[in-house]
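Thanks for coming. I will walk through one structure this morning, one topic at a time. Please have a look at it before I start.

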Amino acid sequence: MKENKSVYIGGGFIDSQLLWIIPLVNGYCKNKKIKKIIFENKLNNKVKENFFVKNILKDYEVIYLKDQSIFLTNKFLKILLLLFYLTPLSIYKVLIFNKNKILEYKNNWKEYQINHSIWDTAMRNSNDGETAPKFFNLLKSSIEIFYNLYLSNLLKKKNVKDFFLGHSVYGYRAFLSGIREKGKKIFCHSGFTIYRQPINNDSSWCFVKKKKYINLERLVTKEKVNQYWKTRIKGFGNYEDSRIASSIKSKGYSLNNKNYNIIFLHIFRDSPFCDIDRDRIFLDYVSWVHKTIKIISKSKEKWILRLHPSYKRWGENQPIALKKILKSLFNDKISSNIIIEDNICSNHDVLRNARRIITFNGTSHLEAACYGIKPIIIANTMLNKIFPKLVFKAKSISEYSSLLLQNSNNKKFRLSKTDIFRAKKMMFIREKALKFETNIGGFHIFRGDPPSKLKKDFEETRKNLKKNINFLELNGKKLSMENDITLSDTFL
């Protein structure tokens, strides 16, 4: 009997993203002769009735995952599933759960991902400043994780081999761990990029294979790179966070002509596990910041803790969170060499006079290299994947401590002109080739954005959909063949 092939679309795509992911998946399916699409949730009418979406879906058998189990469609049975299956599993898991042992599971890939999934989901649901989630949050998180594993098992029974996921963090990380098997093709989304996930390790939207990167480089001229860099530092780059950080106007305080080092903070309750680096030395953002501050308090140099430019839109009160960490270290008296900087200057103003840059794995690592600073990172980044000698990635706490306490005037923290241009070229490829945000017409939505923002994003995407259909379908077709990442129209 011929196998009835199907593709799954789920993992938290929002309505505006469904408008463009469906045409992309259509291109993928047509080339692989797939005639069935399984959606995680029922489509909103404004998506389902869109002219282009409706025209595509008429050629497919469309089913919904949550209609495939009586335990999900029957309210009474769903309660039984929760009370007598998911909750007992979760209580046991939480009772034996130990944050300090998460990194020890790195040789058990599935369990490793599940533990990360529980931890970052619980952190997301915690209050600002909580460095360890309370029991209830861990239990609630664990229930969500086992529910996602239950959903992944439903798809296993249907022998689905092709997946498109909107997220690879929180509960969806557990779902991802459940479907990762030999023979499966899994694609994840991050910021207007779709990329292939390997089975036994993580990739990222910006982790391009060396051969692919060299091919992309050949399409880039020096003039284009330099022009984009000038555009980017003015606040008009292709990356949302960079536009926010670069367009910040000075608020009467200048960092010019000062000898300082900068730690670029991430949003504490956001997930650091979009791509898990099994060789990193810190579990998460909180443990990294806590240890880093403890180390730099012994330094004789000035250190700036720069708050994340999008923390308000994400929905985190980052000053409170940071102050709680500082209070746990210094009580009420912060070390005199540490300054908290709440985005009073643009990234350009901050970086051009900095001596040393530290980030977990943020875009600031590449921005620093563009300014001639060899960055210190914790987890894998695009730069160290292609040019590992252009970053410092400590293999131990002692090595990390040494990098922070050395004199920042040491030439080891400087990059050559050749390496600076390499970094600028990578920035160009990262934001002009690997992202198609400008093609789609939508924009990045943060967790704390109001409904009006989502409505505007949907309308902008809808208005541009007609001209993007062929481009999206071609990206999908190429994903079914040789490409493991989507590309913008210029590079496709």
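How do the residues of the lining of the second largest pocket divide into nonpolar, polar and charged? They divide into 13 nonpolar, six polar and ten charged. Here Ala, Val, Leu, Ile, Met, Phe, Trp, Tyr, Cys and Pro count as nonpolar, Asp, Glu, Lys and Arg as charged, and the others, Gly among them, as polar.

Before going on, a word on the basis. This is a predicted model, in which local features need pLDDT of at least 70 and side-chain atom pairs count only at pLDDT 80 or more, while totals for chains, interfaces and linings use all residues. Residues are numbered from 1 along each chain as its sequence is written, and side-chain values use heavy atoms, with hydrogens and water left out.

Back to the pocket. A pocket is found on a 1 Å grid over the protein atoms alone, as an open set of points where a 1.4 Å probe fits, with protein on both sides within 12 Å along at least five of seven lines; its lining residues have an atom within 4 Å of a point. The second largest pocket holds about 590 Å³ of space, a volume being the space filled by probe spheres set on the points, with grid points joined across faces, edges and corners. Its lining has 29 residues, and Lys209, Lys212, Asn483, Asp484 and Ile485 lie nearest the centre. At least two lining residues come from each of β6 (194-197), α9 (210-217) and α21 (451-479). The largest share, four residues, is supplied by α9. Those element names follow DSSP runs, numbered from the N terminus: helices are H or I with at least four residues, strands E with at least two.

Next, salt bridges. The rule is a side-chain nitrogen of Lys or Arg within 4 Å of a carboxyl oxygen of Asp or Glu, and by this rule the count is 26.

Take Arg269 and Glu316, whose closest N and O atoms are 4.0 Å apart. This pair links distant parts of the chain, 47 residues apart: Arg269 sits in the loop between β7 (260-264) and α12 (285-296), and Glu316 in the loop between α13 (311-314) and α14 (318-330). Are these two residues buried or exposed? Arg269 is buried, at 8% relative accessibility, and Glu316 is buried too, at 3%. Buried means under 20% relative accessible area, exposed over 50%, and partly exposed in between, with a 1.4 Å probe and protein chains only. Salt bridges that share partners join Asp128, Arg269 and Glu316 into one network.

Two other bridges deserve a mention. Lys54 and Glu49 meet at 3.2 Å, N to O; Lys54 is partly exposed at 47%, and Glu49 is partly exposed at 46%. Lys478 pairs with Glu482 at 3.5 Å between the closest N and O atoms, and Lys478 is buried at 19%.

Now helix α8, residues 171-179. Eight of its nine residues are buried, so the helix is largely enclosed by the rest of the structure. Among the buried ones are Arg173, Phe175 and Leu176. What covers the buried residues of α8? The cover includes β1 (6-10), α6 (109-124), α7 (135-157), β4 (162-165), β5 (185-189) and β6.

On to a sheet. Six strands form an open sheet in the order β9-β8-β7-β10-β11-β12, with parallel pairing. β9 (338-341) and β12 (392-393) are at the edges with a single partner strand each, so one side of each has no neighbour in the sheet. Two strands pair if DSSP finds at least two bridges between them. Strands β10 (residues 354-359) and β11 (residues 376-377) are joined by two bridges, and Thr359 has Ile377 in β11 as its bridge partner.

Last, some loop residues. Most residues other than glycine have a negative phi. Lys33, in the loop between α1 (15-32) and β2 (36-39), has a positive phi of about 55°, and Lys33 is exposed at 67%. Phe192 also has a positive phi, near 70°; Phe192 lies in the loop between β5 and β6 and is buried at 7%.

Lys158 is in the loop between α7 and β4 and is partly exposed at 36%. Lys158 and Asn4 are 154 residues apart in sequence and 9.5 Å apart in space, C-alpha to C-alpha. Setting aside neighbours within four places in sequence, Lys158 is in contact with Ile38 and Gln68, where contact means heavy atoms within 4.5 Å.
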